[in-house]
Every structure is written in C-alpha cells, then in structure tokens.
Amino acid sequence: MIRQIEEEIPRLRRFARAMVRDATLADDLVQECLERALSRLHLWRPGTNLRAWLFTILRNLHINGVRRRQPVVDIDAEAQAAIGAAPGSQFVRMELRDLRRALALLPNEQREVVLLIGLEGISYNEAADILGISIGTVKSRLSRGRRALRLLMEGQDPSDDADA
C-alpha cells in the first residue's frame, strides 16, 4: 500500500504545483496530503481508486487553505517560467510561460479539470470522483477550459467568444 502511495507522489506534486503556482507551497501541500492519507489509511476502502482518494485529499486541503486565506507567496515571472521548464529553445520556454499564464486566467473549476485530465491523464470518471461532480460536468468544464486556453494562447479574450 505504501509503495502505491509513493508512486502517486510525482502526480500529486505536479497537480499541487499547478494549483498553487509555487514549488515550496506545493511540496508543503503534498506533504500535508500524504500525512493526512497515512494517518487516515484505515478510512480508505480497498478496491476503490487510491489515486482519486489521494487527489481528493490534496484538493480539499488546497481549498481549505484558500478558505483560511493562508498567505500565498507571489513569485516573479522569471521564477514562474522556470518551474518545470524543460531545456530547449527560448521559444519553447516562452510557450510554456504563456501556457502557465493562460492556465492562471481560467476559472478554478475549469483549470482543475484541464490539469487533472490534460496533465495527469486521469480519466473522466476519476476526475468526477476527485472533484465530486458528474461526468457530464467534467466534460463540459474540460471543453470550455480547452476552448478558453486555445483563445488565450492565440491572444484573444475568451469572454469575447460567442460560443463560450
């Protein structure tokens, strides 16, 4: 069981970093998630989706932190562009920076679905379980989020899109 939880840590870290946009805060969030999961392992039902359970804990901790209005460290654009940046041309780094900025402009509900499905490769069913919403809502948020991202990456305002 512990090994299965350990295998999810990189995915949890990616999702946390995308949500809080700060590597240190994301690592703290993942550590708190793992601590909570291990202390409540007796509550996990064997045969259910461990990944969905962990992501739900992580997301709930994040939401609770936002509700408590914990101070959030705002990092500058250069540091933000460097988080997770792959070595490569300056063009690639600029595209990653633009994508991060576009993701930050999405409503939280759309950003969560785009990150879970697009970045983490989680199924619609798992995303629905993690977020506590129906699969139809997941599909709708994903569609709207992808459309808004496309428009933002093209330099357009998604609110100007008649189909949005």
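**Close-up views of a predicted model**

Leaving aside neighbours within four places in sequence, Arg-59 is in contact with Met-19, Glu-112, Ile-130 and Leu-131. This and the following legends describe a predicted model.

**View 1. Arg-59 in helix H3.** The residue Arg-59 belongs to helix H3. Is Arg-59 buried or exposed? Its relative accessible area is 13%, and buried means under 20%, so Arg-59 is buried. One of its contacts, Glu-112, is itself among the buried residues of H6.

**View 2. The largest nonpolar core.** This core holds 39 residues, of which Leu-58 and Leu-116 touch the most other members. Two or more residues each are supplied by helix H1 (2–20), helix H2 (23–39), helix H3 (50–67), helix H5 (90–105), helix H6 (108–119), helix H7 (124–131) and helix H8 (135–153). Which helix gives the largest share of this core? That helix is H3, with eight residues.

**View 3. Leu-116 and its surroundings.** With neighbours within four places in sequence left aside, Leu-116 is in contact with Phe-15, Phe-55, Gly-121, Ile-122, Ala-127, Ile-130 and Leu-131. Two of these residues, Ile-130 and Leu-131, are also in contact with Arg-59. The buried residues of H6 are Gln-110, Arg-111, Glu-112, Val-113, Val-114, Leu-115, Leu-116 and Ile-117. After H6 comes Gly-121, which has a positive phi, near 70 degrees.

**View 4. The aromatic pair of Phe-15 and Phe-55.** The structure contains one aromatic pair. The ring centres of Phe-15 and Phe-55 are 5.4 Å apart and the ring planes stand at 45 degrees, so the pair is described as tilted. Which distant parts of the chain does the pair link? Phe-15 lies in helix H1 and Phe-55 in helix H3, and the two are 40 residues apart. Both Phe-15 and Phe-55 are buried, and both are in contact with Leu-116.

**View 5. The crossing of H7 and H8.** Two packed helices are described by the angle between their axes and by the distance between those axes. The axes of H7 and H8 come within 9 Å and cross at roughly 100 degrees. H7 is therefore roughly perpendicular to H8. On the H7 side, the contact is made by Tyr-124, Asn-125, Ala-127 and Ala-128; on the H8 side, by Ile-135, Val-138, Lys-139 and Leu-142. By class, this contact has six nonpolar, one polar and one charged residues. Ala-127, part of this contact, is also in contact with Leu-116.

How values were computed. Residues numbered from 1 in each chain as written. Predicted model: local features only at pLDDT ≥ 70, side-chain atom pairs only at ≥ 80, totals over all residues. Heavy atoms only, no water. Core = buried A, V, L, I, M, F, W, Y, C linked by side-chain atoms within 4.5 Å. Buried < 20%, exposed > 50% of the residue type's maximum accessible area, 1.4 Å probe, protein only. Helix = DSSP H or I, 4+ residues; strand = E, 2+ residues; numbered from the N terminus. Contact = heavy atoms within 4.5 Å. Axes fitted to C-alpha atoms, helices over the stretch in contact; angles between N-to-C directions. Parallel < 35°, antiparallel > 145°, perpendicular 65-115°, else oblique. Nonpolar A, V, L, I, M, F, W, Y, C, P; charged D, E, K, R; others polar. Phe/Tyr/Trp six-rings, centres within 6.5 Å; stacked < 30°, edge-to-face > 60°.
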